[in-house]
Amino acid sequence: AMVDAAKRLAARAAVDEYVKNGQKVGIGSGSTIKFAVERIAERTKDESLNVVCVPTSFQARELILSSGLVLESLDTTPVLDVAIDGADEVDKDFVLIKGGGGCLTQEKIVAAAAKKFIVIADYRKDSTLLGEQYKKGIPVEVIPMARVPIKRKIESNFGGKAELRMAINKAGPVVTDNGNFILDWKFDKVHKWSEVHKEIKLMPGVVETGLFVDMTNAVFFGLEDGSVKTKL
Ligand code: DER
């Protein structure tokens, strides 16, 4: 459909502009990244590219392996040339909401390990203010035993509602690749996201927030008309 075409356009444009021979590449999680890995695999097959890939989740690891790409880890390649990943929403200041797929913690670790962090997304993610289009709230990965005190602290400090993310194909809550739970914080006003991120991150039991502030070097949006918009 049109959304998939838009994802594919953004992904291929980003790979062709930023992924070069001999590089160490961080591979994000979600659906858009699949088109980026497809393009990397194409260029590897035609011998024009020889890269190693570091995953941001179990899903990304499986995608790398099933695409026949070389799997590495931050143990062996702690500094990456570029990381490519999707986002749930991008605001005017390049603040991202990530974690819709529950992989925000390893995604942020890999993004931070890369010299350049490139976001690929379809037009639905392109917002002025966070919350305009993405309504599921900001994901916060938490140590399970701390989920209630953290929920209460977020709601009392910042308002809104922080809800435990329940699984669909499993009884009970979603459990992340790191063995933790996720609270989705449905905020009810615009905040200074850099401040909010820092305060939530410092709450005992918080592992990571889905607010990616001052991390993004470029965003590729696939548009409905078949073009790609790049925001640098
Ligand atoms: O969960 C995540 O952070 C994913 O990267 C998500 O934000 C993008 O997923 P999508 O490419 O399937 O929209």
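## Overall build

What radius of gyration would a compact globule with 232 residues have, and what does the protein have? The globule figure is near 17 Å and the protein has 17 Å, so the two agree. (The radius is taken over C-alpha atoms, and the globule rule is 2.2 Å times the number of residues to the power 0.38.) Along the principal axes, the C-alpha atoms fill a box of roughly 55 × 40 × 35 Å.

A word on where this comes from: this is a predicted model, where local features need pLDDT of at least 70 and side-chain atom pairs count only at pLDDT 80 or more, while totals for chains, interfaces and linings use all residues. Residues are numbered from 1 along each chain as its sequence is written, and side-chain values use heavy atoms, with hydrogens and water left out.

## Helices, strands and burial

The protein has six helices and 14 strands. These are DSSP runs numbered from the N terminus: helices are H or I with at least four residues, strands are E with at least two.

Of the 232 residues, 52% count as buried, meaning under 20% relative accessible area with a 1.4 Å probe, protein chains only. Take helix 4 (residues 104–113): it's mostly covered, with seven of its 10 residues buried. Among them are L104, K108 and V110.

## Rings and charges

There are six aromatic pairs. Rings of Phe, Tyr and Trp (its six-membered ring) pair if their centres lie within 6.5 Å; planes under 30 degrees apart are stacked, over 60 edge-to-face, and the rest tilted. Y18 and F220 make an edge-to-face pair, 5.9 Å centre to centre with 90° between the planes. That pair links distant parts of the chain, since Y18 is in helix 1 (residues 2–18) and F220 is in strand 13 (residues 218–222), 202 residues apart. Y18 counts as buried because its relative accessibility is 15%, and F220 counts as buried at 1%. Elsewhere, F158, W185, F187 and W193 form one aromatic cluster.

F212 has charges over its ring: the charged end of K98 sits 5.6 Å from the ring centre, and that of K108 sits 5.0 Å from it. (The rule asks for NZ of Lys or CZ of Arg within 6 Å of the ring centre and within 35 degrees of the ring normal.) K108 is also one of the buried residues of helix 4.

Key:
Buried < 20%, exposed > 50% of the residue type's maximum accessible area, 1.4 Å probe, protein only.
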